[in-house]
Amino acid sequence: MSLALGGRKRIDVVTESLNVALRQMVFRSTKGSRISSRYRVAIIAYSDEVHDLLGGIKQIDELMNSGMLPVLNTYRFTDTAKAFLYAEQLLKAELPSLQDGPAPLVCHMTDGVYTGEDPEPIARRIMNMSVKDGNVLIENIFISDEVLEKEIEQPKRWPGVRENTEFKDGYGYKLKKMSSVMPESYRGMIREANYHLAMGSLLMFPGTNPDLVSLGFQMSAATPVY
């Protein structure tokens, strides 16, 4: 994450994109001068250990009113399985209170191949969890130009990762198996921002430039209104 992306450090691009997504959540939760508790947010960083940056799940109004926005740091290892296991535990505790809202979204961002155990079985368990709206969604943002076979030259005209998308190595195919199909309600909201993702594309985004990193994080705030 300390390497360059679009002339800036990757970690700085990610931090800015995360803060943009949080501001979008606030905007979509604000009525008059009051921020409602529409979104519930947890932010986890991981290396060989999991770091819960908020100390559990926070309501968006509580998070923004506290001023405790997360500070992201770079780490050496990538124990993805451990991070997904932590997310699974959080979801198990929260799902009973989320049954009447949109399906939760786990946004996973990485810039390297995982170390440790295979995270896919845990990701599959998460994707099989559900609320009335549907199954829990998993999205992957990979900050690397060594995954996709073809370079994305025009991000806003890119159709997204689909079933026939080719990758340079097994890591891309692994992330693909761990990515949910994008709901049509999400795709419609992203079209309003002039992106042209195809029907059936996956919640999988290459962070090869700041626009695509930001697009991936925007999914966190693109839930339909209930």
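Select Arg124 first: at 37% relative accessibility it counts as partly exposed (buried is under 20% relative accessible area, exposed over 50%, partly exposed in between, with a 1.4 Å probe and protein chains only). Helices here are DSSP runs (H or I, at least four residues), strands are E runs of at least two, and both are numbered from the N terminus.

A word on the ground rules: this is a predicted model, so local features need pLDDT of at least 70 and side-chain atom pairs count only at pLDDT 80 or more, while totals for chains, interfaces and linings use all residues. Residues are numbered from 1 along each chain as its sequence is written, and side-chain values use heavy atoms, with hydrogens and water left out.

Next, pick Lys174, over in helix 5. Buried or exposed? Lys174 is buried, with a relative accessible area of 15%. Its side chain makes a polar contact of 2.7 Å with that of Glu120 (a pair of N or O atoms within 3.5 Å; within protein, one must be able to donate a hydrogen and the other to accept it, and residues adjacent in sequence count only if both atoms are side-chain atoms). Leaving aside residues up to four places away in sequence, Lys174 touches Tyr114, Asp118 and Glu120, where contact means heavy atoms within 4.5 Å. Show Asp118, Glu120, Arg124 and Lys174 together and you have a network of salt bridges.

Stay with helix 5 and colour its buried residues: Tyr171, Gly172, Lys174, Leu175 and Lys176. What covers them? The cover includes strand 9 (105-110), helix 4, strand 12 and strand 13 (204-206). At the start of helix 5, zoom in on Asp169: one of its side-chain oxygens reaches to within 3.1 Å of the backbone nitrogen of Tyr171.

Now select Lys176 with Glu163, whose side chains meet in a salt bridge of 4.0 Å, N to O. Lys176 lies in helix 5 (residues 170-177) and Glu163 in the loop between strand 12 (137-142) and helix 5, so the pair ties together parts that are 13 residues apart in sequence. Lys176 is buried at 13%, whereas Glu163 is exposed at 62%.

Jump to helix 6 (residues 184-191), where Glu184 and Arg187 sit three residues apart, about one turn of the helix. Their side chains form a salt bridge of 2.8 Å, N to O. Glu184 is partly exposed at 40%, and Arg187 is buried at 11%. How many salt bridges does a search of the whole structure find? It finds ten.

Last stop: the second largest pocket, with about 320 Å³ of space. Of the 13 residues lining that pocket, select the closest to its centre: Lys150, Trp158, Arg162, Thr165 and Glu166. For reference, on a 1 Å grid over the protein atoms alone, a pocket is an open set of points where a 1.4 Å probe fits, with protein on both sides within 12 Å along at least five of seven lines, and lining residues have an atom within 4 Å of a point. Grid points are joined across faces, edges and corners, and the volume is the space filled by probe spheres set on them.
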